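Please examine the sequence and the model shown here before reading on. The paragraphs that follow lead from the overall fold to individual side chains.

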Amino acid sequence: MALTTENRAKIVEDYRTHNKDTASPQVQVALMTERLNYLNQHFKENKKDNHSRRGLMKIVGKRRRLLDYLRSKDSETYKTLITRLGIRK
């Protein structure tokens with residue numbers, strides 16, 4: 001797995017909205033982005049790993065739905081999040 005406990009805690013700390021926040025859309029999208037970055041590196045070495053590719057596509061879809069939700073609820077937070085993560089250029 002790409003996300004160790006320390007990496008996950010750092011990402012949660014960077015993107016949380018309050019002290020006990022671990023499940024806001026911002027945190028979830030940041031964690032998914034980190035996982036997707038790891039999987040992209042994995043596929044550069046393992047081109048024929050189609051089972052993991054399916055998981056990648058599921059994560060991409062879930063992240064897209066969360067970003068759509070965030071854009072509809074709070075467009076300013078959405079814009080700052082995508083610029084911080086460097087997605088949807």
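A residue is called buried when its relative accessible area is under 20%, exposed when it is over 50%, and partly exposed in between, with a 1.4 Å probe and protein chains only. The structure is a predicted model, in which local features need pLDDT of at least 70 and side-chain atom pairs count only at pLDDT 80 or more, while totals for chains, interfaces and linings use all residues. Residues are numbered from 1 along each chain as its sequence is written, and side-chain values use heavy atoms, with hydrogens and water left out.

The protein chain contains four helices and zero strands, in the order α-α-α-α from the N terminus. Here helices (H or I, at least four residues) and strands (E, at least two) are DSSP runs, numbered from the N terminus. The C-alpha atoms fill a box of roughly 40 × 30 × 20 Å along the principal axes. Of the 89 residues in the protein chain, 35% are buried. The chain exposes about 6500 Å², of which carbon and sulfur atoms supply 49%; accessible areas come from the Shrake-Rupley method with a 1.4 Å probe, and for residues only the protein chains shown count as cover. Contact means heavy atoms within 4.5 Å. Among contacts between residues at least 6 apart in sequence, 45% join residues at least 24 apart.

Helix H2 covers residues 25-45, and its 21 residues should span 30 Å at 1.5 Å a residue; the end C-alpha atoms are 31 Å apart, which agrees. The expected span is 1.5 Å times one less than the number of residues. H3, with 24 residues, reaches 35 Å from its first C-alpha to its last, close to the expected 34 Å.

The buried residues of H2 include Val27, Val29, Leu36 and Phe43, and their cover includes helices H1 (5-15), H3 (50-73) and H4 (75-85). In H3, the buried residues include Leu56, Ile59, Arg63 and Leu67; H2 and H4 are among the elements that cover the buried residues of H3.

In soluble globular proteins, nonpolar side chains tend to be buried together. A nonpolar core is a set of buried Ala, Val, Leu, Ile, Met, Phe, Trp, Tyr and Cys residues joined through side-chain atoms within 4.5 Å. The largest such core has 21 residues, and Tyr15, Val29, Leu67, Leu81 and Leu85 have the most contacts inside it. H1, H2, H3 and H4 each supply at least two residues of this core, and H2 gives the most, with eight residues. Leaving aside neighbours within four places in sequence, Val29 is in contact with Arg63, Leu66, Leu67, Leu81 and Leu85.

Which residue's ring lies under the charged end of Arg71? The charged end of Arg71 sits over the ring of Tyr78, 5.5 Å from its centre. This description requires NZ of Lys or CZ of Arg within 6 Å of the ring centre and within 35 degrees of the ring normal. Arg71 belongs to helix H3 and is partly exposed because its relative accessible area is 41%. Not counting residues up to four places away in sequence, Arg71 touches Tyr78 and Arg88. The charged end of Arg84 sits over the ring of Tyr15, 4.2 Å from its centre.

Glu45, in helix H2, is exposed because its relative accessible area is 68%. Glu45 and Ile59 are 14 residues apart in sequence and 20 Å apart in space, C-alpha to C-alpha.
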